[in-house]
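Please look over the sequence and the fold below. A short report on selected parts of the model comes after them.

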Amino acid sequence: RDYFTPGSQWVSQFELDGVTCGLLVCYDIEFPENARAHADAGTEWLVVPTGLMEPWSFVATHIVPARAYESQLFLSYVNRAGVENDLEYCGLSCTIAPDTAELSRAGKAEQLLITQIDPTAVAVSRAVNTHLSDRRRDLYQENQIR
């Protein structure tokens, strides 16, 4: 916390080959409202560079797929691997589809993953899984999330 300053913009997006991409950093993905804000803003592919350490590898194996599903987007979790000082980074980088299909998954060692995503799968998945559209947004208050 001594080396980082929280940003003032909740959703950061860019376009890549016609795909709306979003960016979260590390710990941000552990809060469901961050991925959901991206879904609401139209993000189709969320990229999360991170430095997850043991013993929290369950974030990569359980939380990340849940975020892809509940927000109906592709999610690439790009984690550090190896050891530095007394920290053991768990690797486990992955790309997860909106239906939780694991499109790629690294092990604990450093590895290059190349994964193709089909942006049309987001719309198809959102038509089948209607969690986003079924929300009672009329009950939400402006700036309710704190």
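This is a predicted model: local features need pLDDT of at least 70, side-chain atom pairs count only at pLDDT 80 or more; totals for chains, interfaces and linings use all residues.

Residues are numbered from 1 along each chain as its sequence is written, and side-chain values use heavy atoms, with hydrogens and water left out.

Helices (H or I, at least four residues) and strands (E, at least two) are DSSP runs, numbered from the N terminus. Helix 1 spans residues 32-40. Its buried residues are Asn34, Ala35, Ala37, His38 and Ala39. Here buried means under 20% relative accessible area, exposed means over 50%, and partly exposed lies in between (1.4 Å probe, protein chains only).

What covers these buried residues? The cover includes strand 1 (12-16), strand 2 (19-23), strand 3, helix 2, helix 3 and helix 4.

Alanine 37 sits in helix 1. Its relative accessible area is 11%, so alanine 37 is buried. Alanine 37 touches Trp10 and Val11, not counting residues up to four places away in sequence. Contact means heavy atoms within 4.5 Å. The C-alpha atoms of alanine 37 and arginine 67 are 11 Å apart, and these residues are 30 apart along the chain. Just after helix 1, glycine 42 has a positive phi of about 95°.

## Salt bridges

Side chains of opposite charge can pair when their charged atoms come close. A salt bridge is a side-chain nitrogen of Lys or Arg within 4 Å of a carboxyl oxygen of Asp or Glu. The whole structure has seven salt bridges. The table gives three of these pairs.

| Aspartate 40 | Arginine 137 | 2.9 Å |

Take the salt bridge of aspartate 40 with arginine 137. The pair links distant parts of the chain, 97 residues apart: aspartate 40 is in helix 1, and arginine 137 is in the segment after helix 4. Aspartate 40 is partly exposed at 41% relative accessible area. Arginine 137 is also partly exposed, at 44%.

Glutamate 70 and arginine 67 both belong to helix 2 (residues 58-71). They are three residues apart, so about one helical turn separates them. Are they buried or exposed? Glutamate 70 counts as partly exposed at 24% relative accessibility, whereas arginine 67 is buried at 8%.

Threonine 50 lies in strand 3 (residues 45-50). With 12% relative accessibility, threonine 50 counts as buried. Which residues does threonine 50 touch, not counting residues up to four places away in sequence? They are Cys26, Tyr77, Val78, Asn79 and Arg80.

Glutamate 54 is in the loop between strand 3 and helix 2. Glutamate 54 is partly exposed at 22% relative accessibility. Its side chain makes a polar contact of 3.5 Å with the side chain of serine 57. A polar contact is a pair of N or O atoms within 3.5 Å; within protein, one must be able to donate a hydrogen and the other to accept it, and residues adjacent in sequence count only if both atoms are side-chain atoms. Leaving aside neighbours within four places in sequence, glutamate 54 is in contact with Glu88, Cys90 and Lys108. Its C-alpha atom is 24 Å from that of alanine 101, a residue 47 places away along the chain.

Asparagine 129 is in the loop between helix 3 (120-128) and helix 4 (131-134). Asparagine 129 is buried, with a relative accessible area of 9%. A polar contact of 3.4 Å joins its side chain to that of tyrosine 69. Not counting residues up to four places away in sequence, asparagine 129 touches Tyr69 and Gln72.
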